[in-house]
Structures are given as structure tokens and as C-alpha cells.
Amino acid sequence: MDRELAMEIVRVTEAAAIASAQWMGRGKKNEADHAATNAMRKMFDSVNMAGTVVIGEGELDEAPMLYIGEKLGTGMGPEVDIAVDPLEGTTIVAKGHNNAMAVIAVADKGTLLHAPDMYMEKIAVGRKAAGKINIDDPIEKTIEIVAEANNKRIQDLTVIIQERDRHQEIIDRVRAKGARVILFGDGDVGASIATAFPNTGVDLFVGIGGAPEGVISAVALKCLGGDMQARLVPQSIEEEERCIHMGLHNPRQLLTLDDLVSGDDAIFAATGVSSGELLQGVRFLGGDLVETDSIVMRSKTKTVRFIKAHHHMEHKPHLIFV
């Protein structure tokens, strides 16, 4: 892929973030999601690539979704797989909470797992513990391994887990082991990649969440030198058949980082919609001036860039939705 593509992808996440941030705290998650999706699609039209959505907002050709199989870009340039989450955290934005982002992952054609929209069991760590985790290990053993890798006492180790009833047992076991726990509501892409940034204080991510978010997170972790393992959790015969139809002959097989994103060249970009540990949210500074905070990284070079940008909305009327 061309290195310039990384900056073009950031322009797309910036547009989605600005569009959706206008719905912050208004209690309308669908409107926020539609604004992000429409802005993302319009910006993709100007990017020189021949992209195909392999993970998107839906599995059918149905506007305003960025649906699986949709073609994006000018059709000129590299052929790539695209995984999108125009607004990771629709409920977050509706309620005015933290850690909402607009997110995109791009990789060479044929290298992203075509994960259906279903549950996925996931475990993620940063660079120091990469290659040392196993999703089938008891959580107590994993905590010991990650603590040793990160040169921490168990009581200083921090595990981030989504606050859901399905996770109560694992939360109890982590606490019983003596590790620290951070619970989050929505947005498991941001939670999983926090393990790869020492300044967040997060060492280990575990739990069951969305499969599409798992693949997007895997791209980011590959760029950051972290690690991830996963396993799909079909809830019905129909979901198992969908896995097989999308190319996974054994729907319950263990998926390594290289299974989730098999190539050595991938790009991850995200722009904060509301502020979190990793990124600041969109800030409306008065007049027509808007500030965004983004991150973009590439697995081939392991380069990570943080980008703060000022946008004059007078020149971007297509992003004004409210």
C-alpha cells in the first residue's frame, strides 16, 4: 500500500467524528451513527484506492450502511480490504459519555478475516506480553504471565473488562487473584488497544464482544506490536452456518493475530468523538473552528502518529448535520 493512504484514511475518520460529535448528548444514537456513516462514505469517494468493505455496518446492500461487499474509493490505486466502525460507541455519544471513536482498518486485499457480526471471545495484550498468551489458559495463569512480562506485581496489574452480566465470573476471578479491574460500558476497540499504550496503565483485555470490533482491534495491535487471540462464539445453527459461508470451516477454531489479519501491511486510524484515555474528543472552539484528535499507524513500519487538526466548517458544509 502507498504510505500516503494512511493520511487519506485519517481524513475519513476525522469527517465521521466531526459529523457524529454534533449529536453528542442528544439521546439519538441512530442519528449520530447515520451522520458518521454518511460522512465516512462521502470522504471515501475521494480516496485513491480500490477498496472493498469486509467488515461494515451491515451484511446487505442497504443505505445508509457501509455494507459488506460495498466498493469504496476512486477505483484507482491499491486493492484493499476495509473494516469500518463509523461510530464505535453510538450509545456513548447519545449519552454524552467518554471513549467514542470513528475507526477504520485497511489491509491488503484478502488479508482481513471476514468476521460475521456475532460474538467473539477475545484476549489482548501489549508488546511485552506478545507471544506469551493463550486464550485457553485460565485467567489466573494469564494474569501471572502478563504480570511477569510487564515486570509488575499481580496487585499492580490492570485488567480491562466490559461491564456485562456474561463477564461477572471472570471479573470475580480477576479480583480474587488480586489484580486491578477497570470496567467499561461500550467501545471495546479502544479498550483492547489500550493494552499497547503504557501510559494508559492497562495491561490485559479479556471478554466477549463483537467479532467485527475484534478484527479492527487486531489491525491496531499488529501495528503496535501487541498480541491478540480470539474465538467466535456462535449463538445458533444459523450463525455457525454464516461463519462457514464466510470462509471459516471450523467456526470455533482458535484465531491468532495472524489469522485475524494475515498480511504484513495494514493501516489503523481513529479519531476521537468524545474524550478518552487515548484520544481527545471533537472540540467546537467557536465560530466555524473545530479541533480533532486522531491516531494513525501502519504495521509495516510500526510508525504511530498522533494528529491534532483544526477544521474550518465554512469550507466543510457537507459535515454540518445539526
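This is a predicted model: local features need pLDDT of at least 70, side-chain atom pairs count only at pLDDT 80 or more; totals for chains, interfaces and linings use all residues.
Residues are numbered from 1 along each chain as its sequence is written, and side-chain values use heavy atoms, with hydrogens and water left out.

**Helix packing**

- Helices (H or I, at least four residues) and strands (E, at least two) are DSSP runs numbered from the N terminus, and axes are lines fitted to C-alpha atoms, for helices over the stretch in contact, with angles from 0 to 180 degrees between N-to-C directions.
- The axes of α4 (residues 139–149) and α5 (residues 168–177) come within 9 Å and cross at roughly 50 degrees, and the two helices are therefore oblique to each other.
- Angles under 35 degrees count as roughly parallel, over 145 as roughly antiparallel, 65 to 115 as roughly perpendicular and the rest as oblique.
- The axes of α1 (residues 4–21) and α2 (residues 29–44) come within 7 Å and cross at roughly 150 degrees, and α1 and α2 are therefore roughly antiparallel.
- Contact (heavy atoms within 4.5 Å) between α1 and α2 involves residues including Ile9, Val12 and Ala16 of α1 and Ala36, Met40 and Phe44 of α2.

**Nonpolar cores**

- A nonpolar core is a set of buried Ala, Val, Leu, Ile, Met, Phe, Trp, Tyr and Cys residues joined through side-chain atoms within 4.5 Å, where buried means under 20% relative accessible area, exposed over 50% and partly exposed in between (1.4 Å probe, protein chains only).
- The largest core has 47 residues, and Leu112, Val219 and Leu260 are among those that touch the most other members; its largest share, nine residues, comes from helix α7 (residues 211–224).
- Leaving aside neighbours within four places in sequence, Leu112 is in contact with residues including Val54, Asp81, Val219 and Leu260.

**Positive phi outside glycine**

- Asn151, in the loop between α4 and β6 (158–162), has a positive phi of about 55 degrees, and at 71% relative accessibility Asn151 counts as exposed.
- Lys302, in the loop between β12 (289–298) and β13 (303–312), has a positive phi near 60 degrees and counts as partly exposed at 39% relative accessibility.
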